[in-house]
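Here is a short report to read beside the structure. Keep the 3D view open and find each part as it comes up.

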Amino acid sequence: MTDSTRTAPPPDPLTGPPPAHRPRHRPADGRSRRRSWQDHPLRRATPWLFLLVPLALLITFTYVPVGNMVYYSFTDWDGVSPDRSFVGGDNYEELFTRPELFRVFAVGLYYLAASVVQIAAALYFATILSFDLRLRNLFKGILFFPYLINGVAIGFVFLYFFQDGGTLDSVLSLLGTDGDHAWLGDPQSANTALAGVSVWRFTGLNFVLFLGAIQSIPGELYEAAQIDGATRWQQFRHLIAPGIRPVLSLSVILAISGSLSVFEIPFIMTGGATGTQTFVIQTVKLAFQFNKTGLASACAVVLLLIILAVTWVQRRLVPDEKVDLV
Amino acid sequence: MTAPARTSVPARTSAPVDDRPARRRPPRVSTVLTYASLVAASLVVLVPLLVVFLTSLKTSDEVADGTDVLGLPHDWLNFSNYGTAFTDGHMLMAFGNTAFILLFSITGTVVIGSMAAYAIDRFEFRFKKAVMALFLIATLVPGVTTQVATFQVINSFGLIDTRWAPILLYMGTDIVSIYIFLQFIRGIPRSLDEAARLDGANAFTIYRKIIFPMLKPAIATVVIIKGITTYNDFYIPFLYMPSEDLGTISTALFRFKGPYGAHWETISAGAILVILPTLLVFLFLQRYIYNGFTRGATK
């Protein structure tokens, strides 16, 4: 590396005489010239000086916890006492053999179903609002705003909404339906209600992402399609759908990993009561309420592996550069 | 927002189709249905919020009466619930704590993210690929899963129940910002760096005097996304700052649940107090917010 840079030190006047039409990317020349400037050992340390703090934080707060978590999951540590003993795979065995610990994953299904509704609604509104409508920006703002609201505030708004004789009951009786139902009273309706809150909260983000993708499709394409006599459905099918594919696949992956790791809304609204406990609520309770750090770590490791697997599958199915992070 | 640009497209291409400006307008038949669905969706969004706003202006007797949830308050200027929420609910302290955390974590994120992006984009060094992979893989680890172990790391630094715990976590686990900066920094011409270098500027001067000022749009994006997500975060302050005088707006509002359990007028006032700053920021910075979240989520 150093040799090549020493043998080819391009002098400045040679590489950069016409600065006016100097291309932005100069693959070979620019690189070797920068290297020659960096030959000095102290200068070669420069990037590391810039990376010192970011890398230290990244390792301390992402990689050390992940490593520790895997380690804790093989111990019986309670999170407080100085001693912990190695118990092998006992935590994992407990997790997979005690059905009540694993059953909470089923609650995630409500949220998964909700995210289907959410993506469909977002897609619909993004499509219709990509046309020139009256009050377009107002509707766009209204649909997006819930995504920006504080989760605790949303929790309270909907506790009031679903409570006995609350907003929902009143609206229903206004519409002539008998609305005296304890919405958060039994597991099925409570989970449906909470999943509904999740739709209310997150549709806006999907909607704005889809809208952005649809609007980045060049307008000429629509014109061409119309001249060719394409119907509106054909336009959607052959223009809009391919255009939003990357964002759609991103939304699907966010929906799946999101519904596996639901925490805020059910924790704030019900605290996990009446069968609304999710896997993350259970993990947090195990770790910080029952001091079962070992078992909680095993739960977290399982969740992490599932999410990594889902991401991996998605990357394999939709190898799209636009969703790639580099 | 982008509509004007789009309608000007036919004019620019100077095609003889200028007599069809309503090119992308949906057909008349479905127009009514389209608007109906939009109005219905708007009602679904707004009604829960409006009812809470109305409740926040009612007296406790009006609320306890409970027969007319959708009714209007008798006195539209009854702000006493807001007073209760502010003083008894420690909302003032909560806004102070949130502002403190916001200030430090946003400044830190901007400085750290832009430095990392500068180092990765402008230098060739050994293990560069490995460093990028470290940042990339970290985006896949959902923070919510690792808190069990992160808690112990923070604990070993003795930072539990201080405002530095959330500040460090917000600064240290924000990889999306690094990507936003990285994406933006690629568009800044390298000839600027080189010109400055010929004038004798060192790497840090180039970062501070050239790169950082040119990153302004990216900084705006990061500040908005980071600001809103930090303002709204509940999980981290809830875990790391249990004491009452360290409440952020999320945790302070959450604590309303106990003492005001049945006092919906106070809880509503608290919720509105928390939502109001978000609404104002949204109204003034709409365009930047849409762009910011679109960029933040896809990158």
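## Helix α10 of chain A

Start with helix α10 (residues 167–174) of chain A. Its buried residues are A:Thr167, A:Leu168, A:Asp169 and A:Ser170. Buried means that 20 or more other C-beta atoms, placed from the backbone, lie within 10 Å of the residue's own; exposed means 12 or fewer, and partly exposed lies in between. Just after α10(A) comes A:Gly176, with a positive phi of about 90 degrees.

The model is predicted: local features need pLDDT of at least 70 and side-chain atom pairs count only at pLDDT 80 or more, while totals for chains, interfaces and linings use all residues. Residues are numbered from 1 along each chain as its sequence is written, and chains are lettered from A and ligands numbered from 1 in the order in which they are written.

## Chain A overall

Chain A has 16 helices and zero strands. Helices (H or I, at least four residues) and strands (E, at least two) are DSSP runs, numbered from the N terminus. Chain A has 326 residues, and 41% of them count as buried.

Now take contacts, meaning C-beta atoms, placed from the backbone, within 7 Å. Among those in chain A between residues at least 6 apart in sequence, 69% join residues at least 24 apart.

## Helix α5 of chain A

Helix α5 (residues 46–72) of chain A has 27 residues. At 1.5 Å a residue, it should span 39 Å, and its end C-alpha atoms are 37 Å apart, which agrees. The expected span is 1.5 Å times one less than the number of residues.

Where does α5(A) bend? The bend is at A:Leu52, by about 45 degrees, and the proline A:Pro54 follows within four residues. Bend here is the angle between axes fitted to the seven residues ending at a residue and the seven starting there. Buried residues of α5(A) include A:Phe50, A:Leu51, A:Pro54 and A:Leu58. The buried residues of α5(A) pack against α16 (293–317) of chain A, and also against α6 (91–122), α7 (128–140), α8 (143–156) and α9 (164–172) of chain B.

## Where the chains meet

The contact between the chains takes 86 residues from chain A and 85 residues from chain B. On the side of chain B, helix α16 (residues 264–298) gives the most, with 14 residues. By class, that side has 56 nonpolar, 21 polar and eight charged residues. Ala, Val, Leu, Ile, Met, Phe, Trp, Tyr, Cys and Pro count as nonpolar; Asp, Glu, Lys and Arg are charged; the others, Gly among them, are polar.

Methods. Contact = placed C-beta atoms within 7 Å.
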